[in-house]
Amino acid sequence: MAYVKKLDVPTVFDEVKTGVTTSAGLKKHEKERYSVWYNHFWATNREIVGPTKANILWVGNHWQTILAYIHETYDPPKSSGNTLRNHLEGLANVLLAIDKTRFKEATRPMFNLGLTTQQIIDKANEDSKLDEEDLANYVSYRKLVAMRNLYETLWRADPKDLKLNIYHLLLAVNTYIPPLRLDWLDMLVYPPRIVDGRPVKPPTGPVTAPPEDSNNYLWESMPGEWSIVMNHDKIENKREQRGLARQIMPLKDDIPGITDGKRLNGIINDSLNAAPRNYVLVGVRDKNRPMPASGFGSAMLAMFKPKKPLQNLLRKAYINHVHRMKVDGMELPERALKEVANRMRHTLEVARGSYRKINLAEEDDDTPIVLPTKPEKPKSLPIVESRAPRSLPLIVPRSAANDDSEDEVEEYRPSLILRSAANDEDEDFKYPMLPGPAPSPVAAARPVTVAPPPSVKPKPYFNPAKYQAEYRATHKTEIMAQKTAYFAANKHSILRSKLIGNLNNGAVKKPTKASILKYGLRQRPENGLWETTQATDYKPSEHQLEDANVQACH
């Protein structure tokens, strides 16, 4: 098989942590992949998983089964090549964490296939075009900004509505600043706003930096001033290998004319004041838990139905917007584009090769925006767009002085303040300096058609967890009687399945002779796993049980 650096370079292989038995010893992205496998097999083939979710040793015993599931579920075109590669390399890394000597050669084909898959992706990226599926779900940056503004209008009218709060914030962190990957979903607020189940007051002075662990943080370094602290994501290992410190990005440090982190600072303060929580983005039904990836997908579908733009498409929309921007008829300098790429946690080369697409025309995106169902109908919000060839506008948020005019958007005025040539690396390259108090006029705004919300009476929310708890409380005796009757009728198969599961996950080292005879156990020579020769519905008679006990005594 082909060369794999992690396996074939002694110094790198020696640094691989091994002997891990619980998920606590895995890296964050490996935990995420492991959770997918465990949840699937716990629901479909419970006998093979560990006694608890934290116990990962069952992966070493059943890695071929997990690998078959990965190919069956994630091989293209069922999912993207990136998803397949993430699961292949995730499985390989978990196996090395369990026993790197035992599984060294077993993981080589996984790494090789992951590399081949990435090469196919890179080749496809050379065409610089979205595939049909992504193109069907693509939403332009202009449309993202329009929907963000609409949700802000709704949320400001009902600040206690958690769903409006989170949906607006979700769009805000992906439009006011360069969007990250899915790192916002489980990003922690630091310092926490909930302690011992109760809200705490925001800090009144400087706050020390959050710990360097496997979590990412939104850090309130000074009262009301936030910074993104990236401790871990898919590229952090490469940064560590280059000796780079963790990246801290203060929102107030704007890229002039491109980002508006100061505006996002205020939105985050208002969002946390309205709904104190310890995660930046939470589930709309439970603010004590981070928003899951499925919840993110549901939110995007709810806002842009029938389209469902996921995070990778949001990043592409932002890059295609920024890379087409022109100020005073001139494209943005490389320095500005490099800083955007840096804050998106990749390089400018990756931005151009993987995200910049030629088959996207933001000017053609004129489909109407449909407001979410609310009792009150907000007024339409116009979107201001420059008419310069291939130029795209920035939607500048309302200033504090104009908070009373919630149905208006300020006129777009370019404010790209560029450093003089004297401070540049290349003094021959003259950056354009924009006129100060009298910017050039902007072409007439093209409004976005806003369809009125349908007058549908919202249905009362059905809480299944609350219903189940109430049902169990009122039917406690009946449920216990049913459990007892079921166990009595299926005692043999239940105990047999439990014993086989414990044998295969290491909780029980060796069965007794009586158990082997009673449950018809045998060990498969090819992999050492235990199984039964009895039929699933086999029920021994009392006479057969007595015979098994007698034989065990001899």
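I looked up Arg181 first. Arginine 181 is buried, at 17% relative accessibility (buried means under 20% relative accessible area, exposed over 50%, partly exposed in between, with a 1.4 Å probe and protein chains only). The model is predicted, so I kept its limits in view: local features need pLDDT of at least 70, side-chain atom pairs count only at pLDDT 80 or more, and totals for chains, interfaces and linings use all residues. Residues are numbered from 1 along each chain as its sequence is written, and side-chain values use heavy atoms, with hydrogens and water left out.

**Entry: the Arg181 pair.** I checked the partner of Arg181. Arginine 181 and aspartate 233 meet through their side chains in a salt bridge, 3.7 Å from N to O (a side-chain nitrogen of Lys or Arg within 4 Å of a carboxyl oxygen of Asp or Glu). Arginine 181 sits in the loop between helix H10 (162–172) and strand E1 (188–190), and aspartate 233 in the loop between strand E5 (225–230) and helix H11 (236–241), so the pair ties together parts 52 residues apart in sequence. Helices (H or I, at least four residues) and strands (E, at least two) are DSSP runs, numbered from the N terminus. Aspartate 233 is buried too, at 5% relative accessibility.

**Entry: Glu220 and Arg193.** I found a salt bridge between the side chains of glutamate 220 and arginine 193, at 3.0 Å from N to O. Glutamate 220 is in strand E4 (residues 217–222) and arginine 193 in the loop between E1 and strand E2 (194–195); the two are 27 residues apart. Are they buried or exposed? Glutamate 220 is buried at 2% relative accessibility, and arginine 193 is buried at 4%.

I then followed shared partners. One network of salt bridges joins Arg181, Asp233, Glu236, Arg239 and Arg345.

Entry: How many salt bridges does the structure hold? I noted 19. Arginine 108 is buried at 7% relative accessibility. Aspartate 8 is partly exposed, at 30%.

**Entry: Phe462.** I ended at the surface. Phenylalanine 462 is in the loop between strand E10 (450–451) and helix H17 (464–474). Phenylalanine 462 counts as exposed, at 53% relative accessibility. Phe462, Tyr467 and Tyr471 make a nonpolar surface patch of about 340 Å² (patch residues have over 30% relative accessible area and no salt bridge; like charges are joined within 9 Å, nonpolar side chains (Val, Leu, Ile, Met, Phe, Trp, Tyr) within 5 Å). Accessible areas come from the Shrake-Rupley method with a 1.4 Å probe; for residues, only the protein chains shown count as cover.
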